[in-house]
Amino acid sequence: MKKNFITTNNFLAKSFLVGLSITAAFFSLTFAIVPSKNYSNSFRVSPESAALTLANPSGSIKITTWDKAEIKLSAVSDDTVEISDHQQGSSVQVEIRCPKIGQSNFEINVPTNCSLDLKCLKGPIEISNAAGPISVQTTEGDILLNNLSSSNIVAKSTNGMITYSGTLSRKGIYNFSSVESTINISLPETTPFTLSATALPEKINLGGFKLTDLIPHERRVSGNHAGGGASLNIHTHRGQIKLNKLLKK
Amino acid sequence: MNCLDYQDLLSEYLDGDLKENKRVMVSEHLKACQECNLVYKELKQIVNVSQQLPLLSPENKIWQKIEKDIKEITASQPTTPKSLWSRFWNYRLEFSLSVPQITGTLATLAILLLFASTFSYVPQNINLGSFSQNTVMAQVPIVNTTEMELESTIDRLSHSTTERYQDWDPEIQKLFDRNIKIVDKSIEESRLLEKRNPNDPVVHELIITAYQEKIRLLEQFLSLK
């Protein structure tokens with residue numbers, strides 16, 4: 001009788017433990033998958049005066065251009081994130097609110113000459129084929145500027161690599177700076193520019209670009225390429241600066 | 001002229017102290033350069049805010065009340081034969097200087113002493129190992145207005161950041177701590193370089209750029225909603 005009593009109790013205890021484990025596993029799986037939501041909106045804009053401002057605390061921003069007179073935004077974000085937008089004329093401003101750091105990953109289409117002002121605290125920014133004025137800033141996040149033909153670019157990061165490929169306009173102004181990371185600049189080999197590259201000694205690689213009117217300094221290389229032209233200012237405190245020649249297609 | 005040269009001229013540009021040709025050059029550059037335009041707007045904002053600060057003057061009623069109270073207290077004290085010292089002391093008390101006037105005089109004296117000691121002291125050996133930002137700043141012979149303005153902006157933003165820090169998500173706090181450390185390290189290294197090369201304009205630019213980076217970082221975190 002006593003033995004039966006113990007056996008019954010063991011059975012109950014084991015059943016309880018198994019049940020508890022299954023419930024715990026179910027709940028942990030449920031909460032491990034962070035609920036997400038989708039955001040999408042389009043705005044009619046004038047292609048020549050279009051402007052987009054977006055500051056994303058966490059997550060990525062990917063911009064591609066198109067021929068439409070429209071800015072199209074779509075994002076997948078954590079459930080805690082609130083995305084709101086506002087249009088005034090051809091300027092679109094996107095605001096993100098999140099009590100906790102929640103991710104939002106944006107994919108955006110803009111007209112080619114759209115002016116862009118983008119910020120990410122934690123996450124990468126990628127822009128392709130744009131030609132309007134560009135200001136991009138990250139704290140921790142790489143900046144990838146691919147095939148651009150803008151005449152005014154500011155790209156800054158605290159701790160994120162900056163990669164640029166594209167053309168420079170002769171009177172354009174290009175400022176690239178990163179405190180901690182490497183800056184890669186790829187240009188057509190005949191591009192005329194006036195370079196000011198500042199980094200730790202021996203961390204500047206001109207990649208075969210021959211400069212004239214060189215001003216020697218331990219931490220800076222400055223001079224003209226192809227007679228000088230676009231103002232190309234590159235600064236990194238602890239990273240490297242690499243210039244590369246774009247291969248002809 | 002590069003961007004930092006233009007930024008050095010912004011204070012004079014704001015005050016209208018630049019000659020016509022330089023003023024036009026700066027104005028044209030501001031139209032073309034987003035970064036300098038941003039610095040210009042920040043400076044303009046600082047000037048505007050400081051102009052809006054109320055001019056505080058001491059309320060006479062308060063001082064009159066204090067004087068009256070002092071007279072009442074001293075009058076109520078028992079009269080005893082006065083020694084030479086107490087007569088001297090009382091004579092000083094009756095001297096009609098208000099407390100703000102005394103404070104102002106003492107502050108002026110302290111400033112004069114500080115200036116005298118700063119300009120008469122020439123550092124012989126600078127111990128770079130015991131570097132601290134404040135000590136180095138006191139030893140820099142040329143005080144640059146752009147640097148001072150940037151430092152003042154950093155102080156203001158740092159104060160606001162401290163106020164909001166506790167409300168942030170722990171992940172944001174970690175992100176902030178990590179990156180502010182990186183920027184502060186670059187400021188510290190630039191300061192050390194400046195001590196070794198005090199007249200090097202490139203090194204001076206490094207400090208300005210590091211300050212601007214700190215301002216950018218603080219502003220980014222303060223803009224969190």
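Ten strands of chain A form an open sheet with mixed pairing, in the order E1-E4-E7-E3-E9-E11-E13-E15-E21-E17. Strands here are DSSP runs of type E with at least two residues, helices are runs of H or I with at least four, and both are numbered from the N terminus. Two strands pair if DSSP finds at least two bridges between them. The edges of the sheet are strand E1 (36-44) and strand E17 (204-205) of chain A, each pairing on one side only.

The model is predicted: local features need pLDDT of at least 70, side-chain atom pairs count only at pLDDT 80 or more, and totals for chains, interfaces and linings use all residues. Residues are numbered from 1 along each chain as its sequence is written, while chains are lettered from A and ligands numbered from 1 in the order in which they are written.

Chain A has one helix and 21 strands. Of its 249 residues, 42% are buried. A residue counts as buried with 20 or more other C-beta atoms within 10 Å of its own, as exposed with 12 or fewer, and as partly exposed in between; the C-beta atoms are placed from the backbone. Contacts use C-beta atoms placed in that way too, with a cut-off of within 7 Å. Among the contacts in chain A with a separation of 6 or more, 57% link residues 24 or more positions apart.

Step into the sheet at strand E13 of chain A. Strands of a sheet pair through backbone hydrogen bonds, either parallel or antiparallel. Strand E11 (residues 143-148) of chain A runs parallel to E13(A), joined by five bridges. There A:Ile143 stands opposite A:Ile162. E13(A), residues 162-166, also pairs in the parallel sense with strand E15 (residues 183-188) of chain A, over four bridges. A:Ile162 faces A:Ile183 in E15(A), and A:Tyr164 faces A:Ile185.

Which side chains of E13(A) are buried? In a regular strand the side chains alternate between the two faces of the sheet. Along E13(A), A:Ile162, A:Tyr164 and A:Gly166 point to one face and are buried.

Now turn to strand E20 (residues 230-236) of chain A. This strand is mostly covered, with seven of its seven residues buried. A:Ala230, A:Leu232, A:Ile234 and A:Thr236 point one way, and A:Ser231, A:Asn233 and A:His235 point the other way. Both sets are buried. Strand E14 (residues 173-178) of chain A runs parallel to E20(A) over six bridges. In that pairing A:Asn175 stands opposite A:Asn233. Strand E16 (residues 193-198) of chain A also runs parallel to E20(A), again with six bridges. Here A:Thr194 stands opposite A:Ser231.

Chain B is built of helices: 11 helices and zero strands. From the N terminus on, its elements run α-α-α-α-α-α-α-α-α-α-α. Buried residues make up 17% of its 225 residues. Of the contacts in chain B between residues at least 6 apart in sequence, 71% join residues at least 24 apart.

Two packed helices are described by the angle between their axes and the distance between the axes. H10(B) and H11(B) pack at an angle of about 165°, with axes 8 Å apart. Because angles over 145 degrees count as roughly antiparallel, under 35 as roughly parallel, 65 to 115 as roughly perpendicular and the rest as oblique, H10(B) is roughly antiparallel to H11(B). The axes are lines fitted to C-alpha atoms over the stretch in contact, and angles run from 0 to 180 degrees between N-to-C directions. The crossing is left-handed: the near helix is turned anticlockwise from the far one by less than a right angle, whereas clockwise would be right-handed. Residues in the contact include B:Phe176, B:Ile180 and B:Val183 of H10(B), and B:Leu206, B:Ile207 and B:Tyr211 of H11(B). By class, this contact has 12 nonpolar, four polar and four charged residues. Nonpolar covers Ala, Val, Leu, Ile, Met, Phe, Trp, Tyr, Cys and Pro; charged covers Asp, Glu, Lys and Arg; the others, Gly among them, are polar.

Finally, the interface. In it, 24 residues of chain B are in contact with 32 residues of chain A. Helix H4 (34-52), helix H10 (170-196) and helix H11 (201-222) of chain B each give two or more residues to the side that touches chain A. That side of chain B has 11 nonpolar, seven polar and six charged residues.

Helix H4 of chain B also holds B:Glu42. Why is B:Glu42 partly exposed? The reason is its count of 17 other C-beta atoms within 10 Å. B:Glu42 and B:Leu150 are 108 residues apart in sequence, yet 9.5 Å apart in space, C-alpha to C-alpha.

Methods: Contact = placed C-beta atoms within 7 Å.
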